[in-house]
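Please keep the sequence and the structure in view while reading.

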Amino acid sequence: MTATFSTRDALLAQIPDLRASAFLLCGSKDRADDLVQDTVLSAWAHLDDFQAGTNMGAWLFTIMRNRFRTDYRKSRRWVQDVNGQYAERLTSKPEQEGWSISADLRYALAQLPAYQREALILVGAKGLSLVEAAAVCGCEVGTIKSRTNRGRARLAELLAYTRHNADELEHKNAQALVAAGSSHGARAEAVVRH
C-alpha cells in the first residue's frame, strides 16, 4: 500500500460524518457502527484506488451506500422482529427529553422511500452538493434535486403529524386526569353530605 499520510488522514477525518450518516441509514447505533467499520476497512484495503484530488467523502459514502444496499438485500432473507417484541425486551427506553425528537425524526425518515432518505442524508446531513450527491447515487443532478425536495416536504408532513399526535395524546391524558380528579372530588363531597 503506497497511500500517503494525507490520504489516510483524509479517510480518518471522514469517520464522524460516516457514523452520523450510517446511523440515519440504519436507524440503529450498533448496525451503523458495523456499517462504518466495514466501509472503512474496505476503503483502507482499496486506498490505492482513490484518485487524489477527488472528494474523499463522496468516495467513502459511495462505498457505504453500496455496502448498505448489499446488507439490505441480504437482510430480506432474515427473520425479522416485525412487532418489535424481541427488541422491546432487550432495550430500555431512554429518559432524555431530546430522545423523543430524535425518535420522531428517525421514525419519519424510516417512512420515506429509500431513495429520498438517501438524498436527504447526503445533501442535508452530510452537506454534499447536489452534483456530489448525484455522483454518489449514480443519477442526474435534477433527480437528486427532486428527491431532496420531495423528501424534505414529506419529512415536514410526517414530523408535523407526529408532533400533532403527541400533542393530542398529551391533551387527552390531561383531560383524563382532570376528569378523574373531579369525579374523586364529587365522591368526597357526597360522603361529606351524608
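Two residues are in contact when they have heavy atoms within 4.5 Å of each other. The model is predicted, so local features are given only where pLDDT is at least 70 and side-chain atom pairs only at pLDDT 80 or more, while totals for chains, interfaces and linings use all residues. Residues are numbered from 1 along each chain as its sequence is written, and side-chain values use heavy atoms, with hydrogens and water left out.

**Overall layout**

The protein chain has nine helices and zero strands. Helices (H or I, at least four residues) and strands (E, at least two) are taken from DSSP runs and numbered from the N terminus. Read from the N terminus, the order of elements is α-α-α-α-α-α-α-α-α.

Of the contacts in the protein chain with a separation of 6 or more, 66% are between residues 24 or more positions apart. The accessible surface of the protein chain is about 13,200 Å², and 55% of that surface belongs to carbon and sulfur atoms. These areas come from the Shrake-Rupley method with a 1.4 Å probe; for residues, only the protein chains shown count as cover.

A residue is called buried under 20% relative accessible area, exposed over 50%, and partly exposed in between (1.4 Å probe, protein chains only). Buried residues account for 27% of the 194 residues in the protein chain.

**Salt bridges**

How many salt bridges does the model hold? The count is six, where a salt bridge is a side-chain nitrogen of Lys or Arg within 4 Å of a carboxyl oxygen of Asp or Glu. Three of these pairs are set out below.

| Aspartate 33 | Arginine 19 | 2.9 Å |

Aspartate 33 and arginine 19 form a salt bridge. Aspartate 33 belongs to helix H3 (residues 29-45) and arginine 19 to helix H2 (residues 15-26), so this pair ties together parts that are 14 residues apart in sequence. Aspartate 33 is partly exposed, at 23% relative accessible area, and arginine 19 is partly exposed at 39%.

An α-helix has 3.6 residues a turn, so residues three or four places apart point the same way.

Glutamate 118 is buried, with 8% relative accessibility, whereas arginine 69 is partly exposed at 35%.

**Helix H7**

Buried residues in H7 are Gln116, Arg117, Glu118, Ala119, Leu120, Ile121, Leu122 and Val123. Glutamine 116 lies in this helix and is buried because its relative accessibility is 8%. Which residues does glutamine 116 contact, leaving aside its neighbours within four places in sequence? They are Arg147, Arg150 and Gly151. Just after H7, glycine 127 takes a positive phi of about 85°.

**Leucine 105**

Leucine 105 lies in helix H6 (residues 98-111). Is leucine 105 buried or partly exposed? At 32% relative accessibility, leucine 105 counts as partly exposed. Apart from neighbours within four places in sequence, leucine 105 is in contact with Leu155 and Leu159. The C-alpha atoms of leucine 105 and leucine 159 are separated by 6.9 Å, although the two residues are 54 residues apart along the chain.

**Cysteines**

A disulfide is a pair of cysteine sulfur atoms within 2.5 Å, and by this rule the count is zero. Cysteine 137 is in no disulfide, since the nearest cysteine sulfur, that of cysteine 139, is 5.1 Å away. Cysteine 137 is buried, at 11% relative accessibility, while cysteine 139 is partly exposed at 22%.
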